[in-house]
Amino acid sequence: MTADCVTVGILIASLLRVLWRVKLPTRQRRMILCIFASSVVLAFAAIFHIVGHVLDIITLMVAGI
């Protein structure tokens, strides 16, 4: 789980760096930014999903079920 979070952080940082340096017209830059933003949202949703499963497992272990 920690590796997933670190990987997502590295991907976001590297893509922002590339997007910052690229010389594109405004319209194309916005399109790439929208695609990138949707992938970031999906990555965070996946992380929250994993955390929810881990917390569920911990709760079941503590309850003794």
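Me: How much accessible surface does the chain have, and what share belongs to carbon and sulfur atoms?
Reply: About 5,500 Å², with 75% belonging to carbon and sulfur atoms. Accessible areas come from the Shrake-Rupley method with a 1.4 Å probe, and for residues only the protein chains shown count as cover. This is a predicted model, where local features need pLDDT of at least 70, side-chain atom pairs count only at pLDDT 80 or more, and totals for chains, interfaces and linings use all residues. Residues are numbered from 1 along each chain as its sequence is written, and side-chain values use heavy atoms, leaving out hydrogens and water.

Me: How many helices and strands?
Reply: 2 helices and 0 strands, taken as DSSP runs numbered from the N terminus (helices H or I, at least four residues; strands E, at least two). The radius of gyration is 17 Å, well over the 11 Å that the globule rule gives for 65 residues, so the chain is more spread out than a compact globule. That radius is taken over C-alpha atoms, and the rule is 2.2 Å times the number of residues to the power 0.38.

Me: What percentage of the residues count as buried?
Reply: 9% of the 65. Buried means under 20% relative accessible area, exposed over 50%, partly exposed in between (1.4 Å probe, protein chains only).

Me: Which residues form the largest nonpolar core?
Reply: Val8, Ile12, Phe36, Val40 and Ile47. Helix 2 gives the most, with 3 residues. Such a core is a set of buried Ala, Val, Leu, Ile, Met, Phe, Trp, Tyr and Cys residues joined through side-chain atoms within 4.5 Å.

Me: Switching topic, where does isoleucine 58 lie?
Reply: In helix 2. Isoleucine 58 is partly exposed, at 43% relative accessible area.
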